[in-house]
Amino acid sequence: MLQTRSDNQHSCRALIGCGIFICVLVLSGCSTFSAKSNTAKVSQFKQDASVGTEDISIAAVGLVGVPYRYGGNTPKSGFDCSGLIAYVYSKSANIKLPRTIKEMSRKGQSVDGQPPAPGDLVFFNTTGEKYSHAGIYVGQGRFVHAPSAGGTVRLEYITKPYWAARFTEARRLTSTNSEK
């Protein structure tokens, strides 16, 4: 089967993203994890659990560098935060999600009090609303998100003071609980 140039670019981007993800995991094992956090809620991100949703986090890391675009929902058009999440969950887990962060916050189940797992959604209050921004947790205290106009999809530490102060909740979506 012949691949188109677009397929080759998408495959290459996924391979590069997987390579970045593996490098991040290897490098994080060689470094110390910063214990600085201004909220106790994010201390749980020092431990990772596995619930079989690592493919979601790998797919998210593969999209790092894609430009931000309000309303964007594909790698070609760019992403906003909800578009990125809906795209990744659809492509990597065959889970269809609503388009807005607020609607997404009603899906799945809270992982409050438990260590998060790669593939969990992490929600933030960045505008005064409890659920105004979100990303995909990828492990080792990091998440992938589409932050703002002029930016790109990026990988960040959830324990950075800005994100730690705004963290609202982590939720786990699986094909069995995404209908809730």
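This is a predicted model: local features need pLDDT of at least 70, side-chain atom pairs count only at pLDDT 80 or more; totals for chains, interfaces and linings use all residues.

Reply: Residues are numbered from 1 along each chain as its sequence is written, and side-chain values use heavy atoms, with hydrogens and water left out.

Me: At what angle do helix α2 and helix α3 pack?

Reply: Axes are lines fitted to C-alpha atoms, for helices over the stretch in contact, and angles run from 0 to 180 degrees between N-to-C directions; helices (H or I, at least four residues) and strands (E, at least two) are DSSP runs, numbered from the N terminus. Here α2 (residues 54-61) and α3 (residues 81-93) pack at about 125°, with their axes 9 Å apart. The contact (heavy atoms within 4.5 Å) is made by Asp55, Ile56, Ala59 and Ala60 of α2 and by Val88, Tyr89, Ser92 and Ala93 of α3.

Me: Which strands pair with β6, and in what sense?

Reply: Two strands pair if DSSP finds at least two bridges between them. Strand β5 (residues 133-139) pairs with β6 in the antiparallel sense over three bridges, and Ile136 stands opposite Val144 in β6. In the hairpin of β5 and β6, with two residues between the strands, Gln140 takes a positive phi near 55°. On β6 and strand β7 (residues 154-157), the pairing is antiparallel over four bridges, with His145 opposite Arg154 in β7.
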